[in-house]
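Hello,

Here is the structure for you to pick up. Please open it first, then read the notes below it.

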Amino acid sequence: MPEECPWYAHSVPDRPQDTWQTLPEHLHGVARRAAAFAEAFGARQWGHAAGLLHDAGKYTEAFQRRLAGGAERVDHSTAGAKLAVDTMQPKNWGRALAYCIAGHHAGLPDGKESGDPSCLTLRLQNAVLPAAMPDWLTRAAAPQALPFTQVAGRSGFQAAFFIRMLYSCLVDADFLDTEVFLEKGKHALREGHPPLEALWERLQEHLGKFKAKEKPSPVDPWRNAVLGWCLEAAGHAPGLFSLTVPTGGGKTLSSLAFALQHAVTYDLKRVIYVIPYTSIIEQNADVFREAVGADAVVEHHSNFDPLARKGQKREDPAGDEVLAARHDLACENWDAPLVVTTSVQFFESLFAARSSRCRKLHNIAKSVVILDEAQMLPPRILRPCMEALRALTESYGTTVVLCTATQPALTQTDTFPHGLDRPVEIVRGKDKEELFQALRRTRVVHLGKLTDEELAARLGGHEQVLCVVNCRRHARLLRGRLGAAEGVFHLSAGMCPVHRSRRLADIRAALQAGRPCRVVSTTLIECGVDVSFPVVYRAEAGIDSVAQASGRCNREGELPGMGVVYVFEPVDVPTPGGDMARAAEIGAGIMRRHSDVLSPEAVTAYFRELYWTAGEDGLDALEWDRRGPDVLRGIVSALQSDGNRWNFPFRKVADAFQFITSCYRPVLVPWDEEGEAIVAGLRHAAHAGKLARRAQRYTVQIPPWEFAALEADGALECVRERFFVLARMDRYDDEEGLFVDDGGAFRAEDWIQ
């Protein structure tokens, strides 16, 4: 440790100066942590150098005065960045460290931007090294090699991805070292997660219960076969895998079994389960908690309150509070054995620039990532998503499993040169053919055009039926036409999550009891929601969506024959435009050319046409490409264009990469007594953090024009200048959720679930 010095990194109010954290102590502490994190992808020296230099700018009298209570603003980040560029060779390696160091508080900067004083190039030009920096800091050991092999045509993307992963190591190490000094009790709560070996033992015990259940399902033998294939494949070396299993084939627990055994076998760090919809996350996370324990599962998405989870034991309130606190901390950096999160959270973090979003990234290295419903990657950002997955599997020791009932055509071919290398198929050849034939429980019939009146008449003729449409407005209008029929239910994202969950419970109870049950839903019901109807109607959509709707029909093989999925072309409310319209058009063409639209051949043909006809630009197109003279044509090209000089537009890319492009606004709905209590608490509580998390399960996301209409009508109340609460509950229907009169301003694309 360096000689004693008067320089400090952090002060503590109302405590003597000799209890403050010294600057050498902090620099070495962050360096040790960052080095340990970066070791997961062969970059230990890089992490150590970044940690050692990151706060070099605190060696100034101005910063020390600020620690003592001064109001002067001090840039303490750029000095270490300049030191890295001045001392590291080659220069690009110093520049890689400089991005991380300069942005460890404010976020990764753009590399070179005309007239932008926050860009890295101008900050380095204007930086002055503190004269008081000790010699041991200026002689910090330089990295000796890049931890990845640069590939022509992809080297820019690879370098930018590496910088973001290294940045993750630095900012998480900085947060944690500071936390240890300032909040030791809080930091102690991060400990206590069970090891993966314990999870694997718990899962094996849980799976054993299924073999002894009293009423086995006709599909259970095939689910056991899928489990066996997954366990066999878990012995393969880490890399890219695909698991293609028909809906109802038990892929949720089988894929978890693969992940846990594979992770234990190859000493990987965690399992990250990535799911497209929060409605499915809530269901799957409950399954995982039951299988491996609530102490192992971190559910990271906007709707989760760890103390409000259905079925969670409340025998030990103090233990519950500890579990909730540990869960919240693990959401910051994914330091937990099993993380369940959304596609939005996962992929947007991989292209983020802010430190809070990037903290978790280094924990994706040497992990198993299960990408559930992989077919739902948006075509307009497919290429950057594929490049990120390629980087993770090639250079960061990550195993990625593309898990779906309708495997998209993502592999590289002569006509699709940017596709992924062929994955290891967990269910192969003849086994896959037999599995799909054995689990075929539905047939698809195309009805052509139907008016809502004709459709409602058909739905009313079934005792139990599900109808899936493409937008909230259509679901609401169709439900209105069925109002007189018995057992009518409505589901859409216009209902707050608590409302949806209770409605799903009512639907399951009606189905189980054999009562009339006629459900009109948006697409939220399709992906993994565990319900089964004898008949399903599906508005025209892509083949993947038709297959997902089929998975809600005769799910357990309970019917004596095949269930029927009727596909129709809606007349009164046409398919919304954009990606959905294009998918529906291509899907209709596939239906005309293939007698069995759910066959693997038809599905492959659909995805090939969906992706390949989009062209390279169509798979990496940005909504704001044409705004103004400063054009960013696409994520990959933006990172590649000046990559030889390691000039990367990190902030532009972070702003541009949006998994979901609609800018929805949250509205808090006091739907029941608990919701009312949350709103009351928000008005008066000194600290709103815990209440805000609970409020997420009472929040509905609506498009901007709807938000403006409610605000103009006096239907919203702003609480604490942050939370918009629905003040007029006449705008929230107990059957349909939140609604706004269309008033001629309806835009279908804003209503897509």
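C169 is buried, with a relative accessible area of 0%. Keep in mind that this is a predicted model.

Next, the cysteine pairing. A disulfide is a covalent bond between the sulfur atoms of two cysteines. The cut-off used here is 2.5 Å between the two sulfur atoms. By that rule, the count is zero disulfides. C169 takes part in none, and its nearest cysteine sulfur, in C100, is 8.6 Å away.

Now the backbone. Most residues other than glycine have a negative phi, and most peptide bonds are trans. These are the places to look at:

- Q89 and P90 are joined by a cis peptide bond, with omega about -5°. P90 sits in the loop between α4 (78-87) and α5 (91-102).
- D14 is not a glycine, yet its phi is positive, near 65°. D14 belongs to the loop between β1 (8-10) and β2 (21-22). D14 counts as exposed, at 84% relative accessibility.
- R720 also has a positive phi, near 60°, and is a residue other than glycine. The loop between β18 (716-719) and β19 (723-726) contains R720. R720 is partly exposed, with a relative accessible area of 35%.

Over to you.

Best wishes

Conventions: Residues are numbered from 1 along each chain as its sequence is written. This is a predicted model: local features need pLDDT of at least 70, side-chain atom pairs count only at pLDDT 80 or more; totals for chains, interfaces and linings use all residues. Side-chain values use heavy atoms; hydrogens and water are left out. Buried means under 20% relative accessible area, exposed over 50%, partly exposed in between (1.4 Å probe, protein chains only). Helices (H or I, at least four residues) and strands (E, at least two) are DSSP runs, numbered from the N terminus.
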